[in-house]
Amino acid sequence: MTLSHCSGLIVVDKKGAQLLFLHPTTLEVLDHIGGMPSLPHELAIDETRGLAFVPAYGNGFHGNNPLPNHFVSVIDLYARTRISDIDLTPLESPHTLRFGPDGLLYVCCENSSAVAVIDPETKRVTHILQAFSRNAHRLTILPQRKLIVTENEEDATLTVLRIGDDSVRRTIVLPAPSAGIDHLPDEKFLVVSNALKPTLFLMDVDAGELRQEVELKHHHKSAQVVRVSPDGKWLLVIGDFEPIVTLISLPQWDQYPVPVGQKPMDAAFRPDGTTVLVANEDDGTLTEIQLSSRKVLRTVKAGVGCETLGFF
């Protein structure tokens, strides 16, 4: 996929236990895959193989997941079929998953406080990395530095692991519990959302220290997901149970609030850098925002309650 072109859009409808395939331009629902293992949560796209990987988290939510699941489903993006399920047993509650610079897929397994390493070619778990925490919920990967950083929520810590070297591990202590993580383009700083109030922690990767706490001027509640656009020009901050997102221009750090639907959960930037699409779980809608104007272009119905989406 080039920056100017994409052929499809896949959306994880968590409440509907299904995956939706949308036209990337019109946002019309074209197809779906129903009966997904409970509950489909997040998404990683393998452009080379034309596959998507969708974890089944369990029947609950972070901090209350009484029936954790242990599968990552493999989806053929062009045939629009679920072709297999990768069993992570004994690991439970797979959540955020990202591809590393080595081509392997790293899956944060919350209840097990571990990261499963999957070979997308063989579709098997090849390795397990311990996160040494109780609440490893999300992760980000710094490809140039070959680092994995898990965000350990209520533990108020980050675990730093080195890809290919299990002996390298350290813990960064945060000023408060967290709710989301990403890294800035230079890979020198991590952006972590504060779970207690509407601020962001800018953490120095090497020093493991807080360099700045950024106030979210237009949020009344703490935020959760933070996402840096592929071109490095924008940081998107999504409100936690608050119908607002903030677009932050980089490197200026100017803040632009944009109203969205109820319970925005995650988002995907359009490959050509023109818009970002936000999934509003409680509305069953998607909101598309034009980046140049920071204005809502349209809101469309999609599924029952979508959480994650991605262009391909």
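Q: How does F99 count by relative accessibility: buried, partly exposed or exposed?
A: In this predicted model, F99 counts as partly exposed because its relative accessibility is 25%, where buried means under 20% relative accessible area, exposed over 50% and partly exposed in between, with a 1.4 Å probe and protein chains only.

Q: And F53, buried or exposed?
A: F53 is buried, with a relative accessible area of 0%.

Q: How many aromatic pairs does the structure hold?
A: The structure holds three, a pair being rings of Phe, Tyr and Trp (its six-membered ring) with centres within 6.5 Å, and planes under 30 degrees apart count as stacked, over 60 as edge-to-face and the rest as tilted.
A: One of them joins F53 and F99, whose ring centres are 6.0 Å apart with planes at 75 degrees, so this pair is edge-to-face.

Q: Which strands hold F53 and F99?
A: F53 is in strand β5 (residues 51-58) and F99 in strand β8 (residues 94-99), 46 residues apart; strands (E, at least two residues) are DSSP runs numbered from the N terminus.

Q: What about Y78 and F312?
A: Their ring centres lie 5.6 Å apart and their planes are at 85 degrees, so that pair is edge-to-face.
A: Y78 lies in the loop between β6 (68-76) and β7 (81-87), and F312 in the segment after β28 (306-311), so the pair ties together parts 234 residues apart in sequence.

Q: Switching topic, where does the charged end of R169 sit?
A: The charged end of R169 sits over the ring of F132, 3.9 Å from its centre, the criterion being NZ of Lys or CZ of Arg within 6 Å of the ring centre and within 35 degrees of the ring normal.

Q: What are the ground rules here?
A: Residues are numbered from 1 along each chain as its sequence is written, and side-chain values use heavy atoms, with hydrogens and water left out. Because the model is predicted, local features need pLDDT of at least 70 and side-chain atom pairs count only at pLDDT 80 or more, while totals for chains, interfaces and linings use all residues.

Conventions:
Helix = DSSP H or I, 4+ residues; strand = E, 2+ residues; numbered from the N terminus.
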